[in-house]
Amino acid sequence: MGAYARALDAQLDEAVSLGLLEGCETAYVGGGTPTLLSEKDLGLLIEKIAKAASPSELTCEANPDSLSDTVLLAVHAAGATRLSIGVQSLYDSELRELGRLHDAACARERVAAAVATGLDVSVDLMCAFSGQTPESWGRTLRGAVELGVAHVSVYPLQIEEGTPLDRRYADDPCAWNDPEVQAERMTQAQASLEACGYRRYEVASYARAGKACRHNKAYWTGAPYLGLGTGASSMLDLEGYLRLCVACPQLPQAPTGTGRVRLTVETPRGELAANPRLSSLSFSLEFLTGPQAVAEDLMLGARLVEGLRPELVSRAREIFGTRFDDTVDDLLARDLLVERDGLLAPTEQGWLLGNELYGALWDLAPGEVAAAKC
C-alpha cells in the first residue's frame, strides 16, 4: 500500500508538468478506503495533493473501523477540509447484513471524533436492504443528525449482477429492495433531514447551509476532472485529453468531432505500484461528440435541485431543435420536470422515476458513443 501511495505521488508530479491540475478547485481521495493506508502515507498523499493542486475543498473518504485518532489527525494536519465516512447504518444487525466491519458504537464514536476536529464531516447512509424497516431507517437518520454532521448522502442498495450479494439472493424476489421501497425510503430521508435543517441539493445529497460538496456538484455540471489510481475515472475536454496524450502515447487519437473523453484506469494496483509512469497505464475510453456531451450534461444536471443551467438549455435547443422542446414538453406533462423561476428542474416524481427522466434526456444524444481500450 505504501508503494501504491508513492506511485500516486509520482503521477501527481506528471499531471502538474502537463498542466492538467491548473485551475483545480476540488479534490477527492476515495473510491475505496484510503484510511487503510498508514497515517504517514495518507498524510503525505493528501499533503502532496494540497500542494500540487491547491484545491479549496479536499475530501477524504473513510470507514469508521479504520479511522483511528492518528489517521484522523494526519488527514486534518495534511490539509483535508472534508471527511466522508461510510456509516451506512446505526444498527448492528443491519451492519452485519451489509458485511461492514464496524458496529454502530464505533460509527458514532468515530463520526463524533471527526466532527470535533473541525473538519466538515459527511456520512453515507444506505437504505432498502434486507432487515431494514421504516423505523430503523428513521432512527439511523436521526442518529446521524444528532452527531452534528454537515452533510448526509443517502443511497438505496444496488444489487449488481455477478456480485456475492447477487448470488446470495439469486432465489429471493428481494421485495425489500424493489423500486417502491427505494422510493419510500428516499422520501422518508427527505422529510427527516429537511425537518432538521438540511437542504437537499442533489437527488441523494443533503447539506447544512454552505456545506454542499462542490466536488460532487462538479460531476453533475460537466466540469472536467482527472482521476488517478486503479479504477479511477476521468472526464476531460479535448484540450485536456491532448495534454494527457503527451505523457501517454498509448492513448488512441480522438475521433473527429470529439467534445469529451471519459477514461478509466484499468491497470491493477500491483502493476501501478511497480511502474507508476502514466505511459505504462492501461485505459478504457469513451469518446463523446459535442451533441452527446450536451445530452449527458442534461441528464446529469437533472439530478440537481437547481435544475438545468440556462446556458445549457440554450445550447441544447440550438443543437437538438424541436426534438429538445418536444422532450421537455413530454417531461413537463409527465410531472418529471417543472419550470421554476424560469429554470427547468426535476420534480420529486422525476427523482423517484430517475431512470425515465435521465433516459429521456440522454436519448437526445445522436449515434453510439465510440469506445476504445489501450
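The model is predicted, so local features need pLDDT of at least 70 and side-chain atom pairs count only at pLDDT 80 or more, while totals for chains, interfaces and linings use all residues. Residues are numbered from 1 along each chain as its sequence is written, and side-chain values use heavy atoms, with hydrogens and water left out.

**Cysteines**

- The structure contains zero disulfides, a disulfide being a pair of cysteine sulfur atoms within 2.5 Å.
- For C213, the closest cysteine sulfur is that of C60, and because the two sulfurs are 13 Å apart they are too far for a bond.
- C213 has 0% relative accessibility and therefore counts as buried, where buried means under 20% relative accessible area, exposed over 50%, and partly exposed in between (1.4 Å probe, protein chains only).
- The sulfur of C245 has its closest cysteine sulfur in C248, at 7.3 Å, which is again too far for a bond.

**Cavities**

- Three cavities of 30 Å³ or more are found in the structure; a cavity is a set of points, on a 1 Å grid over the protein atoms alone, where a 1.4 Å probe fits but cannot get out, and lining residues have an atom within 4 Å of a point.
- The largest cavity holds about 70 Å³ of space, a volume being the space filled by probe spheres set on the grid points, which are joined across faces, edges and corners.
- Among the residues that line the largest cavity are Q11, S234, C248, V265 and F283, and by class its lining has eight nonpolar, four polar and no charged residues.
- In this classification Ala, Val, Leu, Ile, Met, Phe, Trp, Tyr, Cys and Pro count as nonpolar, Asp, Glu, Lys and Arg as charged, and the others, Gly among them, as polar.
- The second largest cavity has a volume of about 40 Å³, and its lining, which includes W220, D297, E306 and R309, divides into four nonpolar, three polar and three charged residues.

**Backbone angles**

- Most residues other than glycine have a negative phi.
- S54, although not a glycine, has a positive phi of about 50°, and this residue lies in the loop between α2 (39-53) and β2 (57-62), helices (H or I, at least four residues) and strands (E, at least two) being DSSP runs numbered from the N terminus.
- S54 counts as exposed because its relative accessibility is 54%.
- C174, also a residue other than glycine, has a positive phi near 55° and lies in the loop between α7 (164-168) and α8 (179-195).
- C174 counts as buried, at 11% relative accessibility.

How values were computed
1 Å grid on protein atoms, 1.4 Å probe; cavity = no way out; pocket = protein on both sides within 12 Å on 5 of 7 lines; lining within 4 Å.
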